[in-house]
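Hi,

Here is the structure I wanted to pass on to you. Have a look at it first, and then read on for my notes.

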Protein chains: 2
Amino acid sequence: MATSSATIAAVVKAVREDRLWQRHMDLANIGATGRGGVNRQALTPEDAEARLRVLAWAATRGFSPSVDAIGNVFIRRPGTDPTASPVVAGSHLDTQPTGGNFDGVYGVLAAFEVLEAASDAGVTTDRPLEAVVWTNEEGARFQPTTMGSAVFAGALPLETALATTDTAGVSVAQALAETMQRLAIPQRRAFRCPMAVYLEAHIEQGPLLETTHHTIGIVSGIQGLRWFRVEVTGEEAHAGTTPRRIRKDAFVAAVRMVTALQELLYDSADTVRFTVGRFEVTPNSPNTVPGRVLFTIDLRHPQAEVLSRLGDQIEALCRAQAHDCSVVVTETLSSPPVEFDPAIRAWLTQSAARQALAHMDIVSGATHDAKYMADLYPSGMLFVPCRGGISHNEAEYAAPADLAAGTRILAEVMLTLAHH
Amino acid sequence: MATSSATIAAVVKAVREDRLWQRHMDLANIGATGRGGVNRQALTPEDAEARLRVLAWAATRGFSPSVDAIGNVFIRRPGTDPTASPVVAGSHLDTQPTGGNFDGVYGVLAAFEVLEAASDAGVTTDRPLEAVVWTNEEGARFQPTTMGSAVFAGALPLETALATTDTAGVSVAQALAETMQRLAIPQRRAFRCPMAVYLEAHIEQGPLLETTHHTIGIVSGIQGLRWFRVEVTGEEAHAGTTPRRIRKDAFVAAVRMVTALQELLYDSADTVRFTVGRFEVTPNSPNTVPGRVLFTIDLRHPQAEVLSRLGDQIEALCRAQAHDCSVVVTETLSSPPVEFDPAIRAWLTQSAARQALAHMDIVSGATHDAKYMADLYPSGMLFVPCRGGISHNEAEYAAPADLAAGTRILAEVMLTLAHH
């Protein structure tokens, strides 16, 4: 049964900005820091309480929950075809220690709002509609980030995840058991179960939409990332007595390397992301020529080929600039770029155009649970603006109207794809 | 009475390398760290013990001690003219916490060796010959450095020095009282008492003499020093989501400043000393664009005019390179250059030539007690090589033959000037 555009429009119209905002404010109370943000780290009592709140809302609407072995929670609004795979959207409810009220939360609540709007509009779909809550996206208490979606997708062994401990020595297995007991969801869900499509709405966590006055970002992909640690070794010397020509100044060598890297990685289109975020000098005394510098390189690009080509030049460049010092370059992290399904991107773009919302293509600078879904299912993401581009911060803020606008796009695309 | 060159030569000949070396090794036992160095910080029991050892040697030779109100100890070998001001040489016996066996110690023992050699040679002088032990040259336990000579010269008020405390809260007044009690020197010495000349022998604490194969450095002066603290403020941002053109990256701005400073302060003659020794990034996280950088500038030059001209350009240069960041430049220390008396330098040079020792003019990169004497009396310094230029380090080493060579120059000049 094809859904008429009138039916889809009815669901879009049933999306309620006030309800969506109220749900954000309700969850903002759970783990509230008292300074406008939340501390709701993964698999804590607060995390369980936020999930229970969403489950309670689901129960009042008759939606049915299931949970997998890493604690990812799926809330289902059934379709008419019992054999059809679901249309799924979601994100996460855990936060950074001084996190905000929108990162992750929005993706879960937008998906849940679509389920509610479909019910309010009295619309039936062929495929089930599902909202998913992924476990431990932030990686603040337990590393790595996006743990739940990685385990679900088979990119991280369940046993490895369960054995991970926090700084207090508590394992994921222990914390998860407590959370599972509180959630008390009888229905189990298998890893890598079929999905027709996976969608994720998220705040941008960057400034582009706001500064260019766009309401919707159609996410083309997630940047690839390479991290390097550069250790420069020279020789400590007295700043007053040692002439320049016989110094082995690790700081001077490191500055030469950074300057050469800036040249190598300069990109007039401003797509390459290059950051030296950590830079440490030893012994760090005003009148001693530095004997050692350690610095990090964070390099990101949406295209795998460019990321490879640029990243592969870093070690040779640092060696060439070391002169009388020695240098060791170590790659500490590598995450290839993700490109989202072109058909999904097209659906999102068409919907934004139809709803007359200012939209632009955008690359996600941060990673998301959608990264792992993109390996398994047709997947896509949409962004809404966040004030000042600020995220992972108690000052994080997104406007109610923007949250609703993104949810209406999500509703249109989910409903469109929920029919054969 | 003019001294004949034969008499002077007899004293020079009486300088004993073995005794001088043995005295160094004796003092190396006091506060020995067990790793080849010493920890004999100012006004500790170890410092008192080292002074007592020298006083004991003085007593066996009949030399008479006196002490001033900051604990500087003067050991006098009388002259024949009771009204004549003395010819003084010396340095200090206190060390860094992981100090060596030569820095300071050599200057005291070389002067003492000259007094002993004069006695061994049976020579009388018109003027008294004196060896001085300055209190707290290192500034490791109590700041500032060169405390004893500064108080003696009137550059630092006695009350200020006495009120200074160490990290345990012990004041100079308390520590000095204990030292004075142990030394038990009845004879008091006034600050700024007349001296005919002040001389100081010291290890170079730099690599020039060794690398150029010179035994004696005729010190032309002590470099002037200016310290600056530069605080760059930008804005923290997410390394993945923030494009280069809207970043306010404090690290990038600081690197621009450092690069421009290197250009400004480049000097093909390699006389300018420019060091960025401390450089701190906040928040110092690999995936966060730095919001703040603090770095220091240590700038030195032997000529006051050059030091003024270069240092005065630093703030404007940093401002010009700040771009979207802000910068605050603070001068935290300023010490003008010292030029030693040309006549004294000439005496030292002539003596080195006469004794056929390879010698060169050299600027002292570090400060010394002679800095304050140069304001009051005709003053001069000579350097001998130290291995690898290493100092303020337990590995500090100077060869016995070099120590003796420097002492023979000191003997010749002291004896020459000890006569009317």
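Where in chain A is the place of P283(A)? P283(A) sits in the loop between β10 (279–282) and β11 (288–289) of chain A; helices (H or I, at least four residues) and strands (E, at least two) are DSSP runs, numbered from the N terminus.

Before the rest, some housekeeping. This is a predicted model, where local features need pLDDT of at least 70 and side-chain atom pairs count only at pLDDT 80 or more, while totals for chains, interfaces and linings use all residues. Residues are numbered from 1 along each chain as its sequence is written, chains are lettered from A and ligands numbered from 1 in the order in which they are written, and side-chain values use heavy atoms, with hydrogens and water left out.

Chain B has a cis peptide bond too, from Q143(B) to P144(B), with omega near 0 degrees. You'll find P144(B) in the loop between β4 (129–134) and α5 (147–153) of chain B.

H392(A) is not a glycine, yet its phi is positive, near 50 degrees. H392(A) belongs to the loop between β16 (379–384) and α14 (400–417) of chain A and is partly exposed, at 35% relative accessible area (buried means under 20%, exposed over 50%, partly exposed in between; 1.4 Å probe, protein chains only). A184(B), also not a glycine, has a positive phi of about 50 degrees. That residue is in the loop between α7 (172–183) and β5 (197–203) of chain B, and A184(B) is exposed at 55%.

Finally, the two chains. Chain A superposes on chain B by a rotation of 180 degrees with 0.1 Å of shift along its axis, RMSD 0.1 Å (least squares on the C-alpha atoms of residues with pLDDT of at least 70 in both). The copies are therefore related as by a two-fold rotation axis. Both use the same surface, since 100% of the contact residues of chain A recur in chain B (contact means heavy atoms within 4.5 Å).

Cheers
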